[in-house]
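Work through the exercises below with the sequence and the coordinates at hand. Each task is followed by a stepwise solution.

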Amino acid sequence: MRVFRVALCCAPGATALGLLLLCAVSVPGHGSAALTGEGAGVPPAGRSAPVLPPAAVPLRPSAGGAHTAAEPRIVPRSKWLADAAYRRPPARYADRVTAVFLHHTDSPNDYDCADTPRIIRYLYAGQAGGRQWDDIGYNFLVDRCGTVYEGRAGGVDKAVVGAHAQGFNKGTAGIAAIGTFNKGTPVPPAMAESIAAVAAWKLGLSNIDARSRVRLVSTNSLSRFRKGTTAEFNAIAAHRDGYETACPGQALMAALPDIRRRAAELQGR
């Protein structure tokens with residue numbers, strides 16, 4: 001299987017679709033045909049209100065133990081998929097989600113939030129179409145207005161195996177912040193709040209404290225850890241923690257401690 005270096009995805013200033021799409025990493029058995037980049041681009045820049053209320057507004061209250069967070073509002077994939085569907089095999093599942101990996105898409109930040117569905121379609125077309133992956137790699141995507149979108153198919157409340165963290169896709173969820181968050185780039189408060197809300201909810205389903213450390217076993221040696229090695233991560237980790245990459249950018253790295261604290265608060269901890 002041909003492997004793309006994710007480090008390219010997070011190179012500062014990368015805006016072409018071909019680079020933007022490298023942020024998700026395929027898992028063994030997934031295709032990775034090269035993307036030509038023809039037709040690559042991003043929607044016109046602009047500013048608008050979010051398409052739907054931010055994820056911090058709960059869809060329904062938690063229905064588990066004392067430390068399960070409320071399920072946030074999540075826009076279903078049908079809202080961005082349109083007619084861009086590709087044939088894909090059935091979703092694969094882990095027993096539960098014990099960690100979340102945070103990414104950025106390395107795309108422009110000053111987009112109109114009404115265009116978020118089109119941005120996600122570009123990602124999907126490059127991954128599932130151009131590179132013939134089985135689906136978009138991320139489980140969730142969050143725009144700068146705080147709107148959360150379902151990414152990979154299989155059920156937002158299930159432990160769907162993604163293609164976002166080489167070696168650590170099983171038992172984790174990938175959340176992608178739409179934009180580029182290198183050093184000095186402000187992280188929109190609505191985006192940070194929604195990332196915390198999704199992480200709190202997904203981890204709470206497995207009774208995982210958002211501030212805790214967890215152990216994961218690497219499934220291949222393309223990660224920072226040899227196959228079979230047990231590695232320890234924060235329950236809300238950065239993509240770079242498990243793979244040689246700059247993703248999710250220094251600004252999101254700096255925001256991670258506050259995101260973890262906020263997620264724990266949402267879990268009632």
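**Exercise 1. Count the disulfides, then describe the geometry and placement of what you find.**

Step 1. A disulfide is taken as a pair of cysteine sulfur atoms within 2.5 Å. By this rule the count is one disulfide.

Step 2. The sulfur atoms of Cys 113 and Cys 145 lie 2.1 Å apart. The torsion about their S-S bond is about 90°, so the disulfide is right-handed.

Step 3. Cys 113 sits in the loop between β4 (99-104) and α3 (116-130), and Cys 145 in the loop between β5 (140-142) and β6 (148-150), so the pair ties together parts 32 residues apart in sequence. Helices (H or I, at least four residues) and strands (E, at least two) are DSSP runs, numbered from the N terminus.

Step 4. Buried means under 20% relative accessible area, exposed over 50%, and partly exposed in between (1.4 Å probe, protein chains only). Cys 113 is buried at 0%, and Cys 145 counts as buried at 10%.

The model is predicted: local features need pLDDT of at least 70, side-chain atom pairs count only at pLDDT 80 or more, and totals for chains, interfaces and linings use all residues. Residues are numbered from 1 along each chain as its sequence is written, and side-chain values use heavy atoms, with hydrogens and water left out.

**Exercise 2. Compare the span of helix α4 with the expected value, and state how many of its residues are buried.**

Step 1. Helix α4 covers residues 189-204, which is 16 residues. The expected span is 1.5 Å times one less than the number of residues.

Step 2. From first C-alpha to last, α4 reaches 22 Å, close to the 22 Å expected.

Step 3. Of the 16 residues of α4, 13 are buried, so the helix is largely enclosed by the rest of the structure.

**Exercise 3. Which residues of the largest nonpolar core touch the most other members?**

Step 1. A nonpolar core is a set of buried Ala, Val, Leu, Ile, Met, Phe, Trp, Tyr and Cys residues joined through side-chain atoms within 4.5 Å.

Step 2. The largest core has 65 residues, and those touching the most other members are Ile 136, Phe 140, Leu 141, Ile 175, Val 187, Met 191 and Ile 195. Its largest share, nine residues, comes from α4.

Step 3. Contact means heavy atoms within 4.5 Å. Not counting residues up to four places away in sequence, Ile 195 touches Leu 102, Val 142, Ile 175, Ala 177 and Ile 259.

Step 4. Ala 177 lies in strand β7 (residues 172-177) and is buried, with a relative accessible area of 0%. Its C-alpha is 7.5 Å from that of Leu 102, 75 residues away along the chain.

**Exercise 4. Classify the aromatic pair of Tyr 86 and Tyr 124 and that of Phe 225 and Phe 233.**

Step 1. Rings of Phe, Tyr and Trp (its six-membered ring) pair if their centres lie within 6.5 Å; planes under 30 degrees apart count as stacked, over 60 as edge-to-face and the rest as tilted. The structure holds seven such pairs.

Step 2. For Tyr 86 and Tyr 124 the centres are 5.4 Å apart and the planes at 55°, so the pair is tilted. Tyr 86 is in the loop between α2 (78-81) and β4, and Tyr 124 is in helix α3, 38 residues apart. Tyr 86 is partly exposed at 37%, whereas Tyr 124 is buried at 2%.

Step 3. Phe 225 and Phe 233 are edge-to-face, with 5.8 Å centre to centre and 80° between the planes.
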